[in-house]
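Keep the 3D view open and look up each residue as it comes up.

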Amino acid sequence: MSIAIRIGLPFPDGGILARTAAELGPTLISAASCRRKDRDGNWVWRPVGNAVRGTRAALDCGGFTAMLNGGYRWTVDEYVEFVVSSRGDGTLPCLWEWWAAMDYCCEPAVAPDRDEVERRVRLTAESYVETMECLAWWRGEGDTTTPDPMPTLQGWKPADYLLSVELMTEACGGELPDMVGLGSVCTRPLHGDDGLLAILEALHAVLPPRVKLHMFGVKGDALRHIQRVAPNRV
């Protein structure tokens, strides 16, 4: 069994932590850590440090952190501009090995009822369409280095994720890419009707065999069980 694990970095500024991480494997940075307030109190993007550029970095949209703080502090357009430039000012080529489109998590803390869960599943697919439209504009301006965003499947119950597969497949033009994210799983129990293993079993039955899953925040003992219920998905 071989599972690829990315090392989470708490900030984009580089330094000894990023240099050490580069020796151990690829990294993952949250977009939430790339925001700060300027002297006037306005939220702005933080430049990504040179050390991070050597770590095969990927970008998490920071959705869970954003939702716990009342929602995203940036628009889809602002996020795509940051991805393309890595600064938010359009001056640098994209550095990310992959990047996640903005999604809307469905943990009970932010989605307390069934209507809200479904709304967030649908909003995640709509956000992906908007993201691709923004990226198309940048490509029209000459960008050639930014890969397509990674879509993320969202939900809470297995049926939610199956709906997410349907909606996201449509948002992706009829075919999912070779890797998709799996959201709302970092604090989820392994077992039970809504446990991680039940989610993986449901998805494994419907996803094309080529599609891999990036499971945000899944770690520890859960890793031992993943290949058993969804072989070759990670």
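Predicted model: local features only at pLDDT ≥ 70, side-chain atom pairs only at ≥ 80, totals over all residues.

**Aromatic pairs**
- The count of aromatic pairs comes to seven.
- One of them joins Tyr72 and Tyr104 edge-to-face, with 5.5 Å from centre to centre and 85° between the planes.
- Tyr72 belongs to the loop between helix H2 (63-68) and helix H3 (76-85), while Tyr104 belongs to the loop between H3 and helix H4 (114-140), so this pair ties together parts that are 32 residues apart in sequence.
- If you look for these two tyrosines in the model, you will find that both Tyr72 and Tyr104 are buried.
- Trp137 and Trp138 also pair: their ring centres are 5.2 Å apart and their planes stand at 90°, so this pair is edge-to-face as well.
- Trp138 has 14% relative accessibility and therefore counts as buried, the cut-off being under 20%.
- Ring pairs also link a cluster made up of Trp45, Tyr72, Trp74, Phe82, Trp96 and Tyr104, and the edge-to-face pair of Tyr72 and Tyr104 described above has both its rings in this cluster.

**Charges over rings**
- Arg35 places its charged end over the ring of Trp45, 4.6 Å from the ring centre; Trp45 is also one of the cluster residues.
- Over the face of Trp156 lies Arg188, at 4.0 Å from the centre of the ring.

**Helices H5 and H6**
- Helix H5 spans residues 158-171 and helix H6 spans residues 196-206; their axes come within 9 Å and cross at roughly 35°.
- The crossing of these two helices is right-handed.
- On the H5 side, the contact is made by Pro158, Tyr161, Leu162 and Val165.
- On the H6 side, Ala198, Ile199, Ala202, Leu203 and Val206 make the contact.
- What kinds of residues make up the contact of H5 with H6? There are nine nonpolar residues, no polar ones and no charged ones.

**Thr152**
- Thr152 is found in strand E6, which covers residues 152-153.
- Is Thr152 buried or exposed? Its relative accessibility is 2%, so Thr152 counts as buried.
- Leaving aside neighbours within four places in sequence, Thr152 is in contact with Ala100, Asp103, Thr124, Ser164, Met168, Gly181, Leu182, Gly183 and Phe216.
- Among these partners, Ser164 and Met168 fall within the residue range of helix H5 (158-171).

Terms used. Residues numbered from 1 in each chain as written. Heavy atoms only, no water. Axes fitted to C-alpha atoms, helices over the stretch in contact; angles between N-to-C directions. Helix = DSSP H or I, 4+ residues; strand = E, 2+ residues; numbered from the N terminus. Left-handed = near helix turned anticlockwise from the far one by under 90°. Contact = heavy atoms within 4.5 Å. Nonpolar A, V, L, I, M, F, W, Y, C, P; charged D, E, K, R; others polar. Buried < 20%, exposed > 50% of the residue type's maximum accessible area, 1.4 Å probe, protein only. Phe/Tyr/Trp six-rings, centres within 6.5 Å; stacked < 30°, edge-to-face > 60°. Lys NZ or Arg CZ within 6 Å of the ring centre and 35° of its normal.
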